Amino acid sequence: MNIIKKPTWQLSEKDVTPKEIFDKRRDFLKLGVASLITSNSVLELFAKENLPIKNLDYQIDKNIQDLKLNTYDQITSYNNFYEFTTSKEGVKPLANTLNTNNWDIVVDGLIEKEFIIRFEDLMKNFQLEERIYRFRCVEGWSMVVPWIGFKLSDFIKYAKPLSSAKYIRFETLVDEEMFPDQARGIFSTIDYPYVEGLRLDEAMNDLTILAVGLYGSSMPKQNGAPIRLIVPWKYGFKSVKSIAKISFTDKEPLNSWQKENPREYGFYANVNPNVDHPRWSQKRERVLGSFFKQKTLMFNGYEKEVAHLYKGMDLRKYF
Ligand code: MTE
């Protein structure tokens, strides 16, 4: 995030999928596989849009705010995943080394009983939901993504934390064969594992999810397969990818970017147009696929749902 690059988010308008096409695709999906196979026009539409085949069952988000979705291509071709590279376009072609088979997640710390659970077994315990969210990177770009996941609060209840647990801490897997930048040791871009954390009440908020897919299909490797955090009112760096360890603790976790540069990145990282990054304004953002910038919303548009979590806190100090 410290690296200045040309603004590659300036994609042409034709790259944006109109919402009607996405909605139509959902209607087609409801028709079932038989009708899909017989319909050439549907197959053409799938190919043209470059959409994956839906493989997850979930409750649909009605998108009552009528947010305009970014395309599957945009969401999966412009990524921050430093374990691979600092080039946003470079992540997708490199991410094939990530192997999500036999993915275990360690759950430890202040809980009734520590355990290790395989990703597929974990999934069986929770109801998947689609969550169409704004996603705002601290760097000033944003997108709207139809994530699929389950509530982090449901996972927390399942893990049974002790009353002494005040925070939850997440770690990305460390595996030098899968993640080329980790193999660079002290010359790595950041100190691994990538760590993030939340206060337990933030983690219990209804908006916070563990995401396992997007656009109806399993999470693409470049977006943090098989499972990642999504906290839509915070800058994107809080949404840690490819989680291999979840710990409950009584101490505020030191997250990777705060450790890297505490003057520029804090623990809270709430989207806030009134608190600028030391090197750039946070008042506006560029949505992937559009040329003009739009106003950044307080708490990324989720003020009603989360402002109470920070009542009485000086948001300049706790940035
Ligand atoms: N998680 C890990 N493990 N490594 C990373 O480099 N980058 C973060 C976050 N999670 C990152 C990560 C940042 S800075 C952003 S903006 C988002 O992932 C990007 O998510 P996306 O590639 O799905 O858009």
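**Exercise 1.** Which residues of helix H7 (residues 152–159) are buried?

Some ground rules first. This is a predicted model, where local features need pLDDT of at least 70, side-chain atom pairs count only at pLDDT 80 or more, and totals for chains, interfaces and linings use all residues. Residues are numbered from 1 along each chain as its sequence is written, and side-chain values use heavy atoms, leaving out hydrogens and water.

*Solution.* Helices (H or I, at least four residues) and strands (E, at least two) are DSSP runs, numbered from the N terminus. Buried means under 20% relative accessible area, exposed over 50%, and partly exposed in between (1.4 Å probe, protein chains only). In H7, Leu152, Ser153, Phe155, Ile156 and Ala159 are buried. They cover an arc of only 160° around the axis, so they sit on the same side of H7; the arc is that of the directions from the helix axis to the C-beta atoms.

**Exercise 2.** Find the strands that pair with strand S5.

*Solution.* Two strands pair if DSSP finds at least two bridges between them. S5 pairs with strand S6 (residues 195–199) in the antiparallel sense, over five bridges, and Tyr167 stands opposite Arg199 in S6. Strand S10 (residues 243–249) also runs antiparallel to S5, joined by six bridges; there, Glu171 has Lys245 as its bridge partner.

**Exercise 3.** Is Thr172 buried or exposed?

*Solution.* Locate Thr172 in S5 (residues 167–172). Five of the six residues of S5 are buried. Thr172 has a relative accessible area of 3%, so Thr172 is buried.
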